[in-house]
Amino acid sequence: MQLVDILGAGAAACGVVMALAPLLQARRVRARRSGADVSQPFLAIIAAGATMWVAYGIAAANPYLIIPNTVAVATNLLTLALARRFARTGHAGVARRAASAARAE
């Protein structure tokens with residue numbers, strides 16, 4: 001194995017770990033049922049950049065670029081979708097639903 005392959009594999013492994021980081025935010029959005037504190041433009045920009053790196057990786061036939069950036073696209077888009085889904089509800093939406101449920105009883 002050449003040095004370039006060792007470095008590529010190491011960088012790709014670190015890239016996959018880094019690409020999984022948005023799932024921490026997604027978990028928080030789901031738990032709080034609020035996406036109010038999530039920067040949706042940030043997630044969209046990161047997903048767009050990762051998409052470009054995937055395209056470049058495909059053109060260069062470089063799995064060290066393709067794999068971690070594909071994971072990054074998926075995790076950023078998933079987190080963005082969750083943030084958008086829960087952006088309107090937030091804590092106020094939870095409080096409204098709880099008040100409605102209490103009145104219904």
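User: Buried means under 20% relative accessible area. In this predicted model, is alanine 72 buried or exposed?
Analyst: Alanine 72 sits in helix α4, which spans residues 63-87. Its relative accessible area is 9%, and a residue under 20% counts as buried, so alanine 72 is buried.

User: Which residues is alanine 72 in contact with, leaving aside its neighbours within four places in sequence?
Analyst: Alanine 72 and valine 16 are 56 residues apart in sequence, yet their C-alpha atoms are 7.4 Å apart in space. With neighbours within four places set aside, the contacts of alanine 72 are Ala19 and Ala50.

User: How far is the backbone oxygen of alanine 19 from a polar atom of the side chain of threonine 75?
Analyst: Threonine 75 is also found in helix α4, and it is buried, with a relative accessible area of 6%. Not counting residues up to four places away in sequence, threonine 75 touches Ala19, Leu20, Pro22 and Leu23. Between the backbone oxygen of alanine 19 and a polar atom of the threonine 75 side chain, the distance is 2.5 Å.

User: What kind of aromatic pair do tryptophan 53 and tyrosine 56 form?
Analyst: A search of the whole structure finds one aromatic pair. Its members are tryptophan 53 and tyrosine 56, with ring centres 5.8 Å apart and planes at 80 degrees. Planes over 60 degrees apart count as edge-to-face, so this pair is edge-to-face.

User: Which helix holds both tryptophan 53 and tyrosine 56?
Analyst: Tryptophan 53 is partly exposed, with a relative accessible area of 45%. Tryptophan 53 and tyrosine 56 are three residues apart, about one turn of the helix. The helix that holds both, residues 40-59, is α3.

How values were computed:
Residues numbered from 1 in each chain as written. Predicted model: local features only at pLDDT ≥ 70, side-chain atom pairs only at ≥ 80, totals over all residues. Heavy atoms only, no water. Phe/Tyr/Trp six-rings, centres within 6.5 Å; stacked < 30°, edge-to-face > 60°. Helix = DSSP H or I, 4+ residues; strand = E, 2+ residues; numbered from the N terminus. Buried < 20%, exposed > 50% of the residue type's maximum accessible area, 1.4 Å probe, protein only. Contact = heavy atoms within 4.5 Å. Polar contact = N/O pair within 3.5 Å; in protein donor to acceptor, adjacent residues only side chain to side chain.
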